[in-house]
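Have a look at the model first, then read on.

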Amino acid sequence: MARGVMMLMEWSESLETGIETIDTQHRWLVDAINALHDEVTKPTPDTEVVEQVLLGLVDYTYNHFIMEESLFQQHGYADETAHRAEHNRFTAKAAALLEAHDRGEPPADEAMAFLKDWLTHHIMKVDMAYVPFLKDKGVT
């Protein structure tokens, strides 16, 4: 019997900021978290696949956050410091998951729930807070 992909979260219009570059990057992050979830829920997860997804997640989030923070600096976003703190929290958690994997510990259910909840909250609340500001500055 074929096994379907195990989705942790689905992309939806409620996650769209309307800023193309940011939405493309957010969609990639959702896909990466789903790929990680899919692999770790298999009866015998492939540790190489888990490692590659975690490495990609750490690298991509780091670069995505740099891009967002650059926009904040360029346009003088008032809540940049608080937003950067959120980014640092997520990056630390993603790095901790990678370190745990390196020690032979697979991502636990709590870690996957954190990733889903953080990403959903971050996009729908924290990121949506800057959307009107950036759009007002002509960012599309």
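Which residue forms a salt bridge with Arg 84? The partner is Glu 69, and the closest N and O atoms of the pair are 2.9 Å apart.

## Ground rules

This is a predicted model, where local features need pLDDT of at least 70 and side-chain atom pairs count only at pLDDT 80 or more, while totals for chains, interfaces and linings use all residues. Residues are numbered from 1 along each chain as its sequence is written, and side-chain values use heavy atoms, with hydrogens and water left out.

## Salt bridges

Side chains of opposite charge can pair when their charged atoms come close. Here a salt bridge is a side-chain nitrogen of Lys or Arg within 4 Å of a carboxyl oxygen of Asp or Glu. By that rule the count is four salt bridges.

Back to Arg 84 and Glu 69, then: their salt bridge, at 2.9 Å, links distant parts of the chain, with Arg 84 in helix 3 (residues 80-102) and Glu 69 in helix 2 (residues 47-75), 15 residues apart. Helices are DSSP runs (H or I, at least four residues), numbered from the N terminus. Glu 69 is buried at a relative accessible area of 10%, whereas Arg 84 is partly exposed at 27%; buried means under 20% relative accessible area, exposed over 50%, and partly exposed in between (1.4 Å probe, protein chains only).

Glu 39 pairs with Lys 42, again with 2.9 Å between the closest N and O atoms. Glu 39 is buried at 7% relative accessibility, and Lys 42 is partly exposed at 29%. Then there's Arg 103 with Glu 105, a salt bridge of 3.2 Å from N to O. Arg 103 is exposed, at 55%, and Glu 105 partly exposed, at 37%. As for shared partners, salt bridges join Glu 69, Glu 80 and Arg 84 into one network.

Glu 68, found in helix 2, is buried but has no salt bridge, and Arg 84, the nearest side chain of opposite charge, is 10 Å away. For charge, Lys and Arg count as positive and Asp and Glu as negative, with His and the chain ends not counted. Leaving out residues up to four places away in sequence, Glu 68 touches Ile 22, His 26, His 83, His 87, His 122, Asp 127 and Tyr 130; contact means heavy atoms within 4.5 Å.

With the sequence neighbours up to four places away set aside, Asp 23 touches Trp 11, Leu 15, Glu 16, Thr 17 and Gly 18.

## Helix 1 against helix 4

How do these two pack? Helix 1 (residues 20-40) and helix 4 (residues 109-136) pack at about 175 degrees, their axes 11 Å apart. Axes are lines fitted to C-alpha atoms over the stretch in contact, and angles run from 0 to 180 degrees between N-to-C directions. That makes the two helices roughly antiparallel, a label for angles over 145 degrees.

The residues making the contact include Ile 22, His 26 and Leu 29 of helix 1 and Met 112, Leu 115 and Tyr 130 of helix 4. By class, this contact has twelve nonpolar, two polar and one charged residues. Nonpolar covers Ala, Val, Leu, Ile, Met, Phe, Trp, Tyr, Cys and Pro, charged covers Asp, Glu, Lys and Arg, and the others, Gly among them, are polar.

Definitions and conventions
Parallel < 35°, antiparallel > 145°, perpendicular 65-115°, else oblique.
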